[in-house]
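Trainee: I'm new to this one and would like a close look at a single part, the open space in it. Could you walk me through that, and then through what lies around it?

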Amino acid sequence: MGNFNVIEYVSEQEGLFLPVVSDESVVWEKEKQFAIQALTANDYLAKIAGQKPATLQNAIINIASIGISLNPALKHAYLVPRKGGVCLDLSYMGLLHLAQSSGVILWGQSKLVYANDTYENIGLDKAPIHKQNPFSDRGEIIGAYCTVKTVDGDFLTEEMSIADVHAIRDRSEAWKSGRMCPWKSDEGEMIRKTVVKRAYKYWPKCERLGSAIQM
């Protein structure tokens with residue numbers, strides 16, 4: 001697409017953004033600036049947006065409909081290049097934020113477990129015991145877990161071994177391509193995200209969270 005102007009194109013999406021906003025905390029003027037910042041800071045992302053502007057438009061609409069912010073300080077969501085287009089990608093923190101803000105859970109956390117940690121599952125409806133020394137060599141990552149507290153006061157925990165996580169990673173097109181991808185640059189974040197995506201299946205249903213997971 002010749003002479004593609006990122007700032008102009010993003011600004012033109014206001015009419016599509018506003019009618020589908022699902023969370024009043026997601027404000028157009030702020031999200032517009034966050035999107036422009038992300039695109040102007042990444043030449044490759046801007047190039048992809050120029051080649052397939054409809055994918056950028058869809059990503060901006062998804063920000064509004066899901067109700068998630070691109071605010072880099074929050075680290076909830078990002079615009080990323082994927083499969084030749086621009087995609088809205090959510091972090092594990094973004095997914096937990098959606099679950100909490102939608103009233104699905106009271107709070108939640110996703111943690112990595114290392115070989116030198118002490119981890120113990122003490123049964124259903126109880127938070128696991130996870131002891132760690134962050135100032136020592138914790139060894140290699142051996143797994144991860146996600147624990148949430150429901151609005152009824154119950155604890156739900158999902159656990160995954162590193163082998164189970166890697167089995168999912170190995171099916172990723174980005175990983176199989178051999179190029180730089182989040183699995184290589186931010187492995188810990190992707191491991192946490194993987195266990196959250198599996199854990200949410202056992203939480204009360206929420207359209208916003210379901211849409212985010214599906215996307």
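This is a predicted model: local features need pLDDT of at least 70, side-chain atom pairs count only at pLDDT 80 or more; totals for chains, interfaces and linings use all residues.

Trainee: What is the volume of the largest pocket?

Mentor: About 1800 Å³. Residues are numbered from 1 along each chain as its sequence is written, and side-chain values use heavy atoms, with hydrogens and water left out.

A pocket here is an open set of points on a 1 Å grid over the protein atoms alone, where a 1.4 Å probe fits, with protein on both sides within 12 Å along at least five of seven lines; lining residues have an atom within 4 Å of a point. Its volume is the space filled by probe spheres set on the points, which are joined across faces, edges and corners.

So who lines it? The largest pocket has 47 lining residues, and Val80, Arg82, Asp89, Pro182 and Met190 lie nearest its centre. By class, its lining splits into 25 nonpolar, 10 polar and 12 charged residues (Ala, Val, Leu, Ile, Met, Phe, Trp, Tyr, Cys and Pro are nonpolar, Asp, Glu, Lys and Arg charged, and the others, Gly among them, polar).

Follow Arg82 next. Strands β1 (residues 77–82) and β2 (residues 85–90) pair in the antiparallel sense over 6 bridges, and Arg82 stands opposite Gly85 in β2. Strands are DSSP runs of E, at least two residues, and helices are runs of H or I, at least four, numbered from the N terminus; two strands pair if DSSP finds at least two bridges between them. The β1–β2 hairpin has 2 residues between its strands, and Lys83 takes a positive phi near 50 degrees there.

The second largest pocket holds about 220 Å³. It has 16 lining residues, with Leu124, Phe155, Leu156, Thr157 and Glu158 nearest its centre. β7 supplies the largest share of that lining, 5 residues. Class by class, the lining has 9 nonpolar, 3 polar and 4 charged residues.

β7 leads us to an open sheet of 3 strands in the order β3-β6-β7, paired antiparallel. β3 (105–114) and β7 (155–161) are the edges; each has a single partner strand, so one side of each has no neighbour in the sheet. On average, neighbouring strands of the sheet are turned by 15 degrees against each other, direction ignored. Between β3 and β6 (residues 141–150) there are 9 bridges, again antiparallel, and Ile105 faces Thr150 in β6. Helix α7 packs on this sheet, touching β6 and β7, and its direction makes about 75 degrees with that of β7.

α7 (residues 162–169) has a helix partner too: its axis and that of α10 (residues 187–199) come within 10 Å and cross at roughly 95 degrees (axes are lines fitted to C-alpha atoms, for helices over the stretch in contact, with angles from 0 to 180 degrees between N-to-C directions). The two are therefore roughly perpendicular, a label for 65 to 115 degrees. Ile162, Val165, His166, Ile168 and Arg169 in α7 meet Glu187, Ile191, Thr194 and Arg198 in α10, where contact means heavy atoms within 4.5 Å. That contact has 4 nonpolar, 2 polar and 3 charged residues.

Key. Angles under 35 degrees count as roughly parallel, over 145 as roughly antiparallel, 65 to 115 as roughly perpendicular and the rest as oblique.
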